[in-house]
Amino acid sequence: MSNHFPVNRELFDDVMVPNYAPSAVIPVRGLGSSVWDQQDREFIDFAGGIAVNCLGHCHPALVSALTEQANKIWHLSNVMTNEPALRLAKKLTDSTFADKVYFANSGAEANEAALKLARRFALENFGAEKSQIIAFKQGFHGRTFFTVTVGGQAAYSDGFGPKPGDIDHAEYNNLDSLKALMSDKTCAVVMEPLQGEGGVVSPTDEFAKGVRELCNQHNALLIFDEVQTGVGRLGELYAYMGLGVTPDILTSAKALGGGFPIGAMLTTNDIAQHLKVGTHGSTYGGNPLACAVAEAAFDTVNTVEVLDGVKAKAKLYVAGLNAINAKYHMFSEIRGKGLLIGAVLTEAYQGRAKELLNAALEEGLMTLIAGANIMRFAPSLVIPDEDIVEGLARFEKAVATLAK
Ligand SMILES: Cc1ncc(COP(=O)(O)O)c(C=O)c1O
């Protein structure tokens with residue numbers, strides 16, 4: 001078959017399942033925090049592939065790790081282990097509370113493993129009665145049927161037949177709501193240490209500590225879904241470190257691979273032993289290519305310069321967004337932590353986040369939304385300050401267009 005057909009946005013509608021509605025822009029290359037489309041138009045990237053591209057596009061350390069590994073060995077399956085996976089697991093355990101790592105290919109899969117492990121741990125330690133999983137409204141944990149049901153938006157899990165059972169949802173930042181649901185039948189509480197998709201909502205310190213205490217009281221495991229917050233996004237290697245609350249299981253993906261698909265579940269020896277040989281697995285999980293890139297991403301991000309840089313760049317963003325808002329009064333709040341920033345539209349602009357995203361794209365800026373009313377920014381953790389300034393100038397133009 002020849003390649004003589006137009007490769008454009010129309011082709012998407014012809015050949016792709018219609019579960020996504022991608023933009024008309026088709027990026028073809030990127031470098032740092034800039035991206036170029038098929039027409040060679042340049043965009044500044046404040047989206048980071050939804051908080052994935054922690055080192056921007058084509059970072060030399062990642063390109064070199066990928067190409068070096070590509071010339072060695074690509075794939076083995078878990079019938080054999082491999083050096084990059086072992087090195088990455090060693091670095092993850094040395095740098096966190098965890099003793100053991102399970103590798104997956106995505107955030108949803110890392111969470112699927114965490115949930116299955118929590119259920120197995122409870123079954124083997126306390127019996128079949130202890131199976132309740134509590135998550136939070138507006139939370140997001142992925143799209144497998146288990147994880148999407150655990151996620152806090154029923155609309156995403158409705159319409160696929162009978163759902164996995166014994167899953168309840170409490171209000172985020174409301175300890176009483178969690179307390180009312182918890183009992184000795186609670187197997188695990190799953191939370192994002194900052195809700196990303198659900199609107200860039202930080203937990204209060206009191207809430208985070210209270211969740212940990214309630215889990216302790218009821219012998220329930222605390223699972224932190226750090227798929228979006230992990231690997232430097234909030235200015236710490238993992239967000240739990242900034243909160244001063246240690247989970248029993250932590251999941252990581254997105255930034256972990258810097259753009260190469262990988263997920264990981266981290267836990268303690270005591271809990272890990274319940275995933276015995278044959279209880280869970282994946283063909284690709286811990287693939288050498290993915291782990292080699294992730295190791296390079298991890299080494300690069302896990303430095304004082306990059307993590308302190310995130311905090312400094314966050315200040316630049318917040319100051320810039322506040323300055324824009326002082327002129328246009330479009331946002332009721334600029335919130336978030338590190339380089340996961342939300343700008344909440346005021347009453348007057350309700351439901352117009354997508355429109356603002358499109359206006360920004362017109363100005364040469366890629367952004368994200370979190371629901372219909374919140375703009376979200378999750379750029380590279382090493383985005384140059386000049387790109388932040390230029391991107392915010394483009395954002396201001398988009399805001400001005402909407403304000404007209
Ligand atoms: C907190 C959180 N958990 C899980 C996921 C799912 O990750 P993936 O899309 O890699 O399956 C996401 C994706 O947005 C997320 O933000």
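Helix H5 (residues 107-126) supplies three residues to the shell around the ligand, the largest share, where helices (H or I, at least four residues) and strands (E, at least two) are DSSP runs numbered from the N terminus. The model is predicted, with local features needing pLDDT of at least 70 and side-chain atom pairs pLDDT 80 or more, whereas totals for chains, interfaces and linings use all residues. Residues are numbered from 1 along each chain as its sequence is written, and side-chain values use heavy atoms, without hydrogens and water.

Around the ligand stand 13 residues, of which Gly107, Ala108, Asp225, Gln228 and Lys254 come nearest; a residue counts as near if one of its heavy atoms lies within 4 Å.

| Residue and polar atom | Ligand atom | Distance |
|---|---|---|
| Asp225, side chain | nitrogen | 2.7 Å |
| Phe140, backbone | nitrogen | 3.3 Å |
| Glu197, side chain | oxygen | 3.4 Å |

Taken alone the ligand exposes 390 Å², and the protein buries 82% of that area, as computed by the Shrake-Rupley method with a 1.4 Å probe.

Turning to the aromatic rings, the model contains 11 aromatic pairs, counted when ring centres of Phe, Tyr or Trp (its six-membered ring) lie within 6.5 Å, with planes under 30 degrees apart called stacked, over 60 edge-to-face and the rest tilted. One of them joins Phe145 and Phe160 edge-to-face, at 6.1 Å centre to centre and with 75 degrees between the planes. This pair links distant parts of the chain, 15 residues apart, with Phe145 in helix H6 (residues 145-150) and Phe160 in the loop between helix H7 (154-157) and strand E6 (167-170).

Definitions and conventions. A polar contact is a pair of N or O atoms within 3.5 Å; within protein, one must be able to donate a hydrogen and the other to accept it, and residues adjacent in sequence count only if both atoms are side-chain atoms.
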